[in-house]
Amino acid sequence: MKKIIISKSTLELLPYPLKGSVDAIITDDVAGFLCGIQERDYEMQLLVLVFVNFDEYNVVKRSVLRNNALLWNAVILDSDFTYQMLVDEDISFIVDCRTSSIMEEELQFIIQRGFSFLEQQVSVINNNEFLEKLVDMKRDQEDLINIGKSLSAEKDPDKLLRTILLLSKKITGADAGSIYLIEENVKGEKQLRFKYSHTFSKDIPIEEFVMPLNKKSIAGYVALTGEVLNVEDMYRLPENAPFSFNKSIDIQHNYRSKTMLAVPMRNHIDEIIGVIQLLNSKEDMNSERGITGNEAFEIKLQSPDDFETKVVPFDQRYEALMEAVASQAAIALENNRMIRQIETQFEEFVKASVHAIESRDKATSGHSFRVAELCKHMAYAVNSATEGIFKDMYFSETEIKELEYAALLHDFGKVYIDLAVFMKGKKLYPKDFENLIIKINYLYRFVELQALLGGNPEVKNAIASEGIAASNGEANMEKLESIRRIKELVYKLNEPTVTDMDPETALKEMIEEINDVLCKDIEGNIIEIIDDITKRNLSIRRGSLNEEERKEIESHVVHTYNFVSKIPWPPEFKNIPEIALKHHEKLDGSGYPSGLKDDEIPLQARMMAIADIYDALTASDRPYKKALSKEMALKILADEAKGRKIDPDLYEIFVRYKIYDAVDRDFYRIA
Ligand SMILES: [Fe+2]
Ligand SMILES: [Fe+2]
């Protein structure tokens, strides 16, 4: 009798509710339940497959006997599980280990495999003369677990293929093997790509190539039919076989392809995505030495005789085992492909976002890309530091990617800010300045008019009622002189450069002089030459921005944070919002938005601060702003480091490794 017992703790990783085909007992005490079964005297043999987390597995293993009446195997479903936990463990009870949700089809596959192992164990137990097969099966199960372990750890797709093939060869004792993957060509037609191959005994380099997906080749046949092919001699294929074998490579390399096992690689939705083809099994369990796959794998086939005497057909048990291995491999490849697809999507998304911000203001275009490049180079420099504070510091490739994305997006929040504020090069916006000059010119003409009126009593009388008083000519000449001075002063005050002149005092005097003249429009309304906003702007002591505008620009970091933190980053990029948020913080607490100090600012944000300032200083991103030379920019950064605004140790790295030379300024500009 077969039973499936599922621990409640594993339900979140299972396709729940379980479909009708899975008849399972769900309990929160699997070990207790099994002990209960054990005590009852079942006449039938019980085959039990349990789904448990790792801790529960250990409890079951300790408390439940395994005998002829009760045979059990376990599937570990545990999001905290790592293969490290299996070091020194007896894994012969484990059918599979999964850390993430499994789909209905995978579940069916695992159940089928679990019971098939149990049934094989029953037949072996029932037949003592095949007892050693139990050892094989135990080893097969261990191999499968180990394959899962190796494949889940591998991120590089090429290494993954190499690992798949190496493990397949080791398990079966094969001398050679190839992996074919199904792909679509530009016309949307499926084809088979010969992706990777390796021969232990000979160095046979074969380049990647594509072939049509049809039954004429062995790989094509397996890919299309899903059949496992176990061939005893490739040179003696059955006459009615739809496929044939091309001996040319054998002849060219003095090799002899004899026995062959080809299995389809099915992914989690039972789709065939490729084929693993193994050649020349060297395993010989019947010989006195009983050579297993692992040992046989390293036997060299050199002389023609070796191919006749050392090569054996692939053992039948490898057909099912290799199918399971190929499925694990397919799922690992699919996972890998999906991970890369997600990575590419993030990359594209980040770049598209940056283009959005950079194309908004052509003058600063390329800034984000350059800051990202500088940051990356700083991280590599920190990695290579063999002395000093960073000698033990190391950024992984993923951490460098995280830093790069944070840098690319660090100023994204600027899209929320009025572009005019960024473009503001002088204390008054061009329109406001123009307006002010018009008003001063008007005032000038007004006073001139007064002077003229002073000499014409008729006109004087005619418009006296409108409040334009004529005055004597001498006084007006003085006034006109003063207005001319005021106009000059307005030009000076509008400049953002810091001068000895206190703008507020100068402005006050100027206003007093102007206020003497009541300048009126046609309707007789008094024209205010310098309104409050203009006064406030012309009184700015440093730079061109008033307090509100400065705050608005500073708010870009919070906008960046709000935007970036809404992106569902994978866990390895979780620090991006924080790094981007803190790129304007200063070590002495004078930065924004939070005035953080020293270690409160992440190292990556401190790196970004240096890259950001350096790029801003050396960029000629505004018509009115001159780009500073590298030397000048480094001098300013040195002062900032001395004043503990930026991190002195990172500045030292920036200079020592000439990070500033790493970026080609014009390369990153948007045309
Ligand atoms: Fe910024
Ligand atoms: Fe920036």
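In what order do the five strands of the open sheet lie, and with what pairing? In this predicted model, the order is β2-β1-β3-β4-β5, and the pairing is parallel. The two edge strands, β2 (24-27) and β5 (94-98), each pair on one side only. From one strand to the next, the twist averages 20°. Within this sheet, strand β1 (residues 2-7) and strand β3 (residues 46-52) are joined in the parallel sense by five bridges. At Lys 2, the residue standing opposite in β3 is Leu 47. In general, the strands of a sheet pair through backbone hydrogen bonds, in either a parallel or an antiparallel manner.

The protein as a whole comprises 671 residues, of which 35% count as buried. Its secondary structure amounts to 24 helices and 11 strands. Among contacts with a separation of 6 or more, 67% are accounted for by residues 24 or more positions apart.

Antiparallel pairing is found around strand β6 (residues 174-184). This strand is mostly covered, as nine of its 11 residues are buried. Strand β6 is joined to strand β11 (residues 272-281) by seven bridges, and the two run antiparallel. In this pair, Ala 174 stands opposite Ser 281 of β11. Strand β6 also runs antiparallel to strand β7 (residues 190-199), to which nine bridges join it. Here the bridge partner of Ala 176 is Thr 199 of β7. Strands β6 and β7 form a hairpin with five residues between the strands, and in this hairpin Gly 188 takes a positive phi near 85°.

Helix packing was examined next. Two packed helices are described by the angle between their axes and by the distance between those axes. Helix α5 (residues 157-172) and helix α10 (residues 317-360) pack at an angle of about 170°, and their axes are 11 Å apart. An angle over 145 degrees counts as roughly antiparallel, and α5 and α10 are therefore roughly antiparallel to each other. On the α5 side, the contact involves Pro 157, Leu 160, Ile 164, Ser 168, Ile 171 and Thr 172. These residues meet Tyr 318, Leu 321, Met 322, Val 325, Ala 329, Ala 332, Leu 333, Asn 336 and Arg 340 of α10. By class, the residues of the contact of α5 with α10 divide into 11 nonpolar, three polar and one charged.

The crossing of α11 and α12 is right-handed. Helix α11 contributes Ser 368, Phe 369, Val 371, Ala 372, Cys 375, Lys 376 and Ala 379 to the contact, while helix α12 contributes Ile 400, Leu 403, Glu 404, Ala 407 and Leu 408. The contact of α11 with α12 has nine nonpolar residues, one polar residue and two charged residues.

Glu 547 belongs to helix α19 (residues 547-554). A residue is exposed if 12 or fewer other C-beta atoms lie within 10 Å of its own; Glu 547 has 9 such atoms within 10 Å and is therefore exposed. Glu 547 and Asn 537 are 10 residues apart in sequence, and their C-alpha atoms are 9.3 Å apart in space.

Methods: Residues numbered from 1 in each chain as written. Chains lettered and ligands numbered in written order. Predicted model: local features only at pLDDT ≥ 70, side-chain atom pairs only at ≥ 80, totals over all residues. Left-handed = near helix turned anticlockwise from the far one by under 90°. Helix = DSSP H or I, 4+ residues; strand = E, 2+ residues; numbered from the N terminus. Contact = placed C-beta atoms within 7 Å. Nonpolar A, V, L, I, M, F, W, Y, C, P; charged D, E, K, R; others polar. Buried ≥ 20, exposed ≤ 12 C-beta atoms within 10 Å, placed from the backbone. Pairing = 2+ DSSP bridges. Axes fitted to C-alpha atoms, helices over the stretch in contact; angles between N-to-C directions. Parallel < 35°, antiparallel > 145°, perpendicular 65-115°, else oblique.
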